[in-house]
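Me: I have a model open and want to learn how to read its features. Can we go through them one at a time?

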Amino acid sequence: RKLALFVSDVHLSPALPKTTERFLSFLSHQARDTENLYILGDLFEYWAGDDDLNDPYISSIVKSIKSVSESGVRLFWIAGNRDFLIGAQFCTTIGAQALVDPTLHELGGKPFLLSHGDALCTDDSSYMQFREMVRNPAWQQQFLGKPLSERKAIIEGMRKMSHQEQQTKRMEIMDVNLNAVNDLVKAHSGCTLIHGHTHRNAIHREEFAERYVLQDWDFDHSAQARGGYLELDHQSQLRFIHLV
Ligand code: OKV
Ligand code: MN
């Protein structure tokens, strides 16, 4: 049994059936063979609010995650930049403990700093401004007060605009700012930072910490099929597992 698995950026959507199938397979196999499972954001392509839990696609995913936590795996959740509207109802339903971004957890006697990673992309000032707005509880309360269909239409509109302006791609390739990384880890010198978001799967030896960047998932565009997770064993060894 592994001590912990870390996964992020699965970007689940009914429009991505192969990615969905691979993640469900991960949940029924690897995810059960660990003591702790950390989902570090962007599990969904987008999340419009916990009142979407009745959607048949979402409820099937939720059922599968819930069965992992019910099998005895401790489940932790950090929100991403696409599913930051996930709330207490979702977390209770899947049996996860929501963590703030970033959170320091000791595992096997070693300190791990866990984050989605978007907050570290400080060079992207327009995104940082957008992030500040949508992470504001008052803004969220107002947004969640709109009908679900209207929220979905707003988000779909943003996605279309983002695609048209080809901004998604430009933004997605934006990397973390190393000063932001150093500022974050300095206080926890010697920790291991684990994050996703940038889709730039790598291990970095930074000034004050090692930084493990999780990969994103996409099995629906076969030319570049990819997905996987990071595992921590009881000897404190970290290893990226790439699903094929
Ligand atoms: C994805 C990124 C656009 C970076 C919006 C609620 C809100 C979700 C959303 C809208 C945008 C994702 C889902 C997209 C990534 C960008 C620009 C920069 C840095 C809401 C829930 F605001 F309405 F409440 N979003 N889209 N970026 O177009 O796919 O990663 S997106
Ligand atoms: Mn992200």
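Me: Where is His11 found?
Reply: Helices (H or I, at least four residues) and strands (E, at least two) are DSSP runs, numbered from the N terminus. Here His11 sits in the loop between β1 (2–7) and α1 (17–28). Most residues other than glycine have a negative phi. The phi of His11, a residue other than glycine, is positive, near 55°.

Me: What should I know about the model and its numbering?
Reply: This is a predicted model: local features need pLDDT of at least 70, side-chain atom pairs count only at pLDDT 80 or more, and totals for chains, interfaces and linings use all residues. Residues are numbered from 1 along each chain as its sequence is written, chains are lettered from A and ligands numbered from 1 in the order written, and side-chain values use heavy atoms, without hydrogens and water.

Me: Which residues does the cis peptide bond join?
Reply: Most peptide bonds are trans. The cis bond here joins Asp101 and Pro102, with omega about 0°. Pro102 lies in the loop between β4 (96–98) and β5 (103–107).

Me: How many residues surround ligand 1?
Reply: A residue counts if one of its heavy atoms lies within 4 Å of the ligand. There are 18, and the closest are Asn81, Trp139, Phe143, Ser162 and His197. The protein covers 93% of the 630 Å² of accessible area that ligand 1 has on its own (Shrake-Rupley method, 1.4 Å probe). α6 gives the most to this shell, with 4 residues.

Me: Which polar contacts does ligand 1 make?
Reply: A polar contact is a pair of N or O atoms within 3.5 Å; within protein, one must be able to donate a hydrogen and the other to accept it, and residues adjacent in sequence count only if both atoms are side-chain atoms. An N or O atom in the side chain of Asn81 is 3.3 Å from an oxygen atom of ligand 1. For a polar side-chain atom of Arg82, the distance to an oxygen atom of ligand 1 is 3.4 Å.
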